[in-house]
Each structure stands twice: as C-alpha cells, then as structure tokens.
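Here is a guided walk through one protein model. Have the sequence and the 3D view open as you read.

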Amino acid sequence: MAFFRFSRDKRGYEHFTLVEPTTNRRGKVRQRVLYWFRSPPDVRVGREPFDEGVRRALETQYPDVTFDWRSILEAPIPSADADKWRNAVARRRAAKPCRRRGA
C-alpha cells in the first residue's frame, strides 16, 4: 500500500511524494518513491499533483501496488504560516543562550 508524504523546503517549494514501503530478503524495510511532484510556494495555477491522468498512469505502471486515492487526496496540507511560526520559535530558542552569556 502506497502512502502520501508532504514536505516543504526552506525556499517554500512544496513536495508531494507517493512512497511504497518494500522489504528486502533480509527483512529490512526500505521506501521506494513511486511519484514525486514539486510546486512553487503559494501557486494555485497549473495542474493538481494527483490529477486523473497521473492516477491512471500510476495504476498502470505499478499494477501490484494498491492506492487509497481517497485518503491521499484528502490528506491535510499544513499551511506555510505554521512553518514560519516554527522557524520563529526555533530562532528565539537559539538566541536565548546568547542573551544569557551577554547579560
């Protein structure tokens, strides 16, 4: 069963990835990337990452993999504001030791 992974890099580019966990002969689980889509930040033009053509192509290319398209399409995408807030908190935490030494 393939699962969906979303990430955003430091420049704001959004990465949509479909990943399948595979097990080798020794029992080690690795992840195989089936599909990767990158979109510029805050752009709402162009095509969707999982439009109908992409879904059909993935199903024909990987017939042994099951896709739960409903859960993939309904997966929540975190807003960019949350990332900015997390970065601000991390900067404040990093600055605390510097303020203590200087005071």
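Predicted model: local features only at pLDDT ≥ 70, side-chain atom pairs only at ≥ 80, totals over all residues.

Residues are numbered from 1 along each chain as its sequence is written, and side-chain values use heavy atoms, with hydrogens and water left out.

Start inside. In soluble globular proteins, nonpolar side chains tend to be buried together. A nonpolar core here is a set of buried Ala, Val, Leu, Ile, Met, Phe, Trp, Tyr and Cys residues joined through side-chain atoms within 4.5 Å. Buried means under 20% relative accessible area, exposed over 50%, and partly exposed in between (1.4 Å probe, protein chains only). The largest such core has 16 residues. Leu-18, Phe-50, Leu-58 and Phe-67 have the most contacts inside it. At least two core residues come from each of strand S1 (3-8), S2, strand S3 (29-39), helix H1 (52-61) and helix H2 (69-73). S3 gives the most, with 3 residues. Helices (H or I, at least four residues) and strands (E, at least two) are DSSP runs, numbered from the N terminus.

Now look at Phe-67. Beyond its neighbours within four places in sequence, Phe-67 is in contact (heavy atoms within 4.5 Å) with Ala-2, Leu-18, Leu-34, Leu-58, Glu-59 and Tyr-62.

Move to Phe-16, in strand S2 (residues 14-23). Phe-16 is buried, at 9% relative accessible area. Phe-6 lies 10 residues away in sequence, yet the two C-alpha atoms are 4.9 Å apart. With neighbours within four places set aside, the contacts of Phe-16 include Phe-4, Tyr-35, Trp-36, Phe-37, Phe-50 and Ile-77.

Next, the charges. Side chains of opposite charge can pair when their charged atoms come close. A salt bridge is a side-chain nitrogen of Lys or Arg within 4 Å of a carboxyl oxygen of Asp or Glu. The structure holds 6 of them. Glu-14 pairs with Arg-8, closest N and O atoms 3.3 Å apart. Glu-14 is buried, at 5% relative accessibility. Arg-11 and Asp-9 pair at 3.0 Å, N to O. Arg-11 is exposed at 56%, while Asp-9 is partly exposed at 22%. Asp-51 pairs with Arg-47, with N and O 4.0 Å apart. Asp-51 is partly exposed at 26%, and so is Arg-47 at 42%. Salt bridges that share partners also join Glu-52, Arg-55 and Arg-56 into one network.
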